[in-house]
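Look over the model below before reading on.

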Amino acid sequence: MTHTAKEHPSAVGASTERDPLDADAVSKIKTLSQIFDWLGPDPGKNIDTIVNQTCSILGGVCALYNRIDDKNKSLIAWSACNLPPDFSVTDTPEGHICYEATILGQNQPVVLENLAETRYTKTDPNVDKYGLKAYLGHPVRLRDEAIGSLCIVDTKPRRFTSTDVHIIATLAKAVSLEEERLQAEKALRQSEAQYRALFENNHAVMLLIDPHTGEIADANPAACRYYGYDKTEIVRKKITDFNTLDPEAVFAEMRRARTEQRSYFKFRHRLADGRIRDVEVYSGPITVQGRALLYSVIHDITERKQAEEELRAAN
């Protein structure tokens, strides 16, 4: 059962009305923008970084990335910050907030500002055991399916601002992208055939790029749809045909990705119809059939960037 706004006004989602942007909100957004520069080539370590910073920015007593293990029908605390030493990292999912309100819910935040007013005081043993009073979470999705949740909890009732909700949604998306990379690396280790299926069937925009020439070695169907080219057209292009930066700057960034000095980038990409979109790119070295390439996952952040600019302008 998932909370709805009718059942509990503060349970699911957030007000569309934005809070005034005070100094605290400005500081949070500034730190949020810095997090992605701290991410490296290891998706697992990146998820730990994201979870730790979720706790730091939003000020909860604990932050968790809970993941569903469908095989064993369990809920696993995959990564956590300030987790109590006696916390059970593996548990049955039924009754837990992260599972019933967040993972089984829609792709929207779950805001519980006073847990004492919810049924989770009876169904989630951690609420009473650790004296939890407030919860803010967001689903983590992989290929359009909720696989887990990123959340913070607090030991006092609190009001979560629209900035807080925006931040948890952004960081949950970042975890989703790292999960995409984990799955791709796992598929690579298992077999080229499985990797090919993941690459071709993935809803995320993915490119394989020659770091020395900038040539696009391969593009999945999602990339073809996003950029507006068919497969034969897109593999005849170079990444510099899309990136609005000077070619020298693009190659400098690719060198950083190839040598694992950096894995996260923000660019502006030009589509076939001439539109310019803001994108974030996770990129790292990969060997495919003996060829050293860059594996890049591209995520359109145009709307997110516009929302952040509106928040700043509201100050």
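**A walk through the model**

Glu185 is partly exposed, with a relative accessible area of 29%; buried means under 20%, exposed over 50%, and partly exposed in between, using a 1.4 Å probe and protein chains only. Glu185 sits in helix H6. Helices (H or I, at least four residues) and strands (E, at least two) are DSSP runs, numbered from the N terminus. From Gly105, Glu185 is 80 residues away in sequence and 28 Å away in space, C-alpha to C-alpha.

This is a predicted model, in which local features need pLDDT of at least 70, side-chain atom pairs count only at pLDDT 80 or more, and totals for chains, interfaces and linings use all residues. Residues are numbered from 1 along each chain as its sequence is written, and side-chain values use heavy atoms, with hydrogens and water left out.

Start with helix H1, residues 23–35. Its 13 residues reach 19 Å from first C-alpha to last, close to the 18 Å expected at 1.5 Å a residue; that expected span is 1.5 Å times one less than the number of residues. Ala25, Lys28, Ile29, Leu32 and Ile35 are its buried residues. Seen down the axis of H1, they fall within an arc of 115°, so they line one face of the helix. The arc is taken from the directions from the helix axis to the C-beta atoms. An α-helix has 3.6 residues a turn, so residues three or four places apart point the same way. Ala23 and Lys30, on the other side of H1, are exposed.

Next comes the sheet. Six strands form an open sheet in the order E3-E2-E1-E6-E5-E4, with antiparallel pairing. Strands E3 (90–91) and E4 (110–112) stand at the edges with a single partner strand each, so one side of each has no neighbour in the sheet. Two strands pair if DSSP finds at least two bridges between them. E5 and E6 (residues 145–154) pair over nine antiparallel bridges. Leu136 has Ile152 in E6 as its bridge partner.

Strands E9 (residues 264–270) and E10 (residues 276–288) run antiparallel and are joined by seven bridges. Tyr264 stands opposite Tyr282 in E10. Five residues lie between E9 and E10, and Gly274 in the turn has a positive phi of about 95°.

Now the open space. The largest pocket holds about 490 Å³. On a 1 Å grid over the protein atoms alone, a pocket is an open set of points with protein on both sides within 12 Å along at least five of seven lines, a cavity is a set where a 1.4 Å probe fits but cannot get out, and lining residues have an atom within 4 Å of a point. Grid points are joined across faces, edges and corners, and a volume is the space filled by probe spheres set on the points. Of the 21 residues lining the largest pocket, Arg141, Asp144, Lys173, Ser176 and His299 are closest to its centre. H6 gives the most to this lining, with five residues.

What space lies in the largest cavity? About 150 Å³. It is lined by 16 residues, with Ile209, Ile239, Phe267, Val281 and Ser296 nearest its centre. H10 gives the most, with four residues.
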